[in-house]
Amino acid sequence: MASEVRQATADNLEPGGERRRDFLYVATAAFAGAGVVPVAWSLVNQMNPSADVLALASVDLDLSALQPGQAIKAAWRGKPIFARHLTPEEIAESNKVDVASLRDPQSLADRTKPGNEQWLITLGVCTHLGCVPLGAAEGEAKGDFGGYFCPCHGSHYDAAARIRKGPAPKNLEVPPYTFKSPTAVTIG
Amino acid sequence: MSFPWAKQYQPTSAVGQWMDERLPLARFVYGALGPGYPTPKNLNAFYNFGVLAGVALVIQIITGVVLAMHFAADTRVAFDSVEHIMRDVNGGWMIRYMHAVGASFFFGVVYIHIFRGLYYGSYKPPREVLWMLGLVIFLLMMATAFMGYVLVWGQMSFWGAQVITGLFSALPVVGPSIQTWLLGGFSPDNATLNRFFSLHYLLPFVTFGVIILHVWALHIPGSNNPTGVDVKSEADTVPFHPYYTAKDFVGLGVYLIVFAAFVFFMPNSLGEPDNYIPANPLSTPALIVPEWYFWPFYAILRAFTSDFLGVPAKLWGVIGMFASILLLFVLPWLDQSPVRSNNYRPLSRILFWVFVAVALGLGVCGGKPAHEPWVRLSQVLTAYYFAHFLIILPIVSKLEKTSPLPNSISEAVLAKYGKTGGGAPVAQPAE
């Protein structure tokens, strides 16, 4: 009996036509798919930063004790900040470099605030794979260009923290900051 | 492999008979590991390493589950909880050292297992799927070992997590989002440690599942052997049990002696001292290197120091490192030589040992600081690594004049003892 019914339906089918059953198959698969996608997305999305991690803060730095040639490290949003008091020689050296020859062309002026060229404030995060370069603390290797040297994969940065050698693609990032007074700065 | 001469399981008791008709588990074991599985009779000690790798995984799972009973996956206490295991938990120091040294040994035996396969052509038809499943296991092992190392939350743990998740940030467009997603934040933190704990627990069981497929894929064509010649008759094989179960136990005994020597007398010789310093997100150790079993790949990663072909050095390094493993998936098609075993490939045999030296050289470079001459040396060795698979091997496999193969495994075995075993061995040129 059942086979007779199927037979009849098949006979009525136009060449290249669709059966009601085909429509039901596609609709069911489509609804199942539409259900799976949001479920899968919630399973993926739970791994994105949670609300407490997204609550970001700003920090105040007091630069008054920093002599030329010295640098300090501070923590901001879980990452290190390097604040460096450049010496006049380092500023001159940085300005002498042909900007066009750099991998990530930026002048020292692009990387500091007008009137405060002696304060170089950058993230202390190597733009290669995220290690903290050496060179901020006393006695650490400063690399071949007198700035920072990243021990993880050998990236060298100059005194303006621009990438000069090694695998890192970018200069050390300059975070947003404002000077509250000549020696007090707010980061973030 | 069910060769026609393989013995069939016969239940000997009424209980066995009853069970066999309902759940033939004994029949399955008999056919997979027992007398029902005929194995080439000329397997040498290098064929022990698959079983050793299996044992290494079981040691990791058991010690790992025990450690998880005492470990706390929270950045504030993780490092201290590991010290708690070392000092307070009964025998905790031993379990912890077994797990840490066990990871090194796992990689050690797996590397020998892989090079065994490379030498004897065990990746060639009809064993390509077996080979590829092995590579999947290798990738899973590396991901698992990496996440386990992070759990200690020492300096190497933290910076390893930063660097390895940073690899994904090199991908164009989606890279930074993937890194953030992996970390659950913008730098390794509590969210990272928590999820790595969860995944480090999960992946060994996934690995276990793939190992079942790996062994299944092995049992379809049966084991390769040092001659690379297929099994032709019953005379070429012996039943797996008791012959190879016994031989595997000998290998296991040696393995466990060496393992115990490391665990009890030099448990930290394979680790990095900096991981006894709690993680400091503001300072990368000046002498940062990964665990030794990642050194060759680490050397490849940092061999790319300048941009070329419009691709940044950072992305090249990541591509190079992943490609160095993914390349092996197509090895069965790069090596077209009809002869499997390097015993009968004079030129390929030399190149194999050159490749071993290159791989070891990359390992040495990866363990050194990123200074000259190590960077230059890694660049040369990396170039050779890829040339070996992409250029040298395909050419050699086409042009090489191979030595005569034995007619059968039996003939090769008997020839070794100056016997001919019936008719004189007929030297047969490789086709």
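Predicted model: local features only at pLDDT ≥ 70, side-chain atom pairs only at ≥ 80, totals over all residues.
Local features require pLDDT of at least 70 and side-chain atom pairs pLDDT 80 or more, whereas totals for chains, interfaces and linings use all residues. Residues are numbered from 1 along each chain as its sequence is written, chains are lettered from A and ligands numbered from 1 in the order in which they are written, and side-chain values use heavy atoms, with hydrogens and water left out.

Student: Which cysteine is joined to A:C131 in a disulfide?
Tutor: A disulfide is here a pair of cysteine sulfur atoms within 2.5 Å, and the count over all chains comes to one. Its S to S distance is 2.0 Å, and the angle of -85° about the S-S bond makes the link left-handed. The partner of A:C131 is A:C152.

Student: How many residues apart in sequence are the parts that A:C131 and A:C152 tie together?
Tutor: Helices (H or I, at least four residues) and strands (E, at least two) are DSSP runs, numbered from the N terminus. A:C131 lies in the loop between β4 (119-123) and β5 (146-150) of chain A, and A:C152 in the loop between β5 and β6 (155-158) of chain A, so the pair ties together parts whose separation in sequence is 21 residues.

Student: Is A:C150 buried or exposed?
Tutor: A:C150 is in no disulfide, and the nearest cysteine sulfur, that of A:C126, is 3.8 Å away. For accessibility, buried means under 20% relative accessible area, exposed over 50%, and partly exposed in between (1.4 Å probe, protein chains only). Because its relative accessibility is 2%, A:C150 counts as buried.

Student: Which residue meets A:D158 in a salt bridge?
Tutor: A salt bridge is a side-chain nitrogen of Lys or Arg within 4 Å of a carboxyl oxygen of Asp or Glu, and the structure holds 14 of them over all chains. The N to O distance is 2.7 Å, and the partner is A:R164.

Student: How many residues apart are B:D335 and B:K124, whose pair links distant parts of the chain?
Tutor: The side chains of B:D335 and B:K124 meet in a salt bridge with an N to O distance of 3.2 Å. B:D335 is in the loop between α13 (331-334) and α14 of chain B, and B:K124 in the loop between α5 and α6 (128-151) of chain B, with a separation of 211 residues.

Student: Which residues are linked with B:K124 and B:D335 in a network of salt bridges?
Tutor: B:E400 and B:R345 meet in a salt bridge at 2.9 Å, N to O. Both count as buried, B:E400 at 13% relative accessibility and B:R345 at 2%. The residues that join B:K124 and B:D335 in the network are B:R345 and B:E400.

Student: Which helix gives the most to the lining of the largest cavity?
Tutor: On a 1 Å grid over the protein atoms alone, a cavity is a set of points where a 1.4 Å probe fits but cannot get out, and lining residues have an atom within 4 Å of a point. Grid points are joined across faces, edges and corners, and a volume is the space filled by probe spheres set on the points. The search finds one cavity of 30 Å³ or more, and the largest holds about 120 Å³, with 17 lining residues, of which B:L118, B:Y123, B:F352, B:H388 and B:L393 are the closest to its centre. With four residues, the helix that gives the most to the lining is α14(B).

Student: Which helix gives the most to the nonpolar patch?
Tutor: Patches are made of residues with over 30% relative accessible area and no salt bridge, like charges being joined within 9 Å and nonpolar side chains (Val, Leu, Ile, Met, Phe, Trp, Tyr) within 5 Å. Accessible areas come from the Shrake-Rupley method with a 1.4 Å probe, and for residues only the protein chains shown count as cover. B:W18, B:M19, B:L23, B:L25, B:F28, B:V29 and B:L33 form the patch, with about 720 Å² of accessible area together. With three residues, the helix that gives the most is α2(B).

Technical notes: 1 Å grid on protein atoms, 1.4 Å probe; cavity = no way out; pocket = protein on both sides within 12 Å on 5 of 7 lines; lining within 4 Å.
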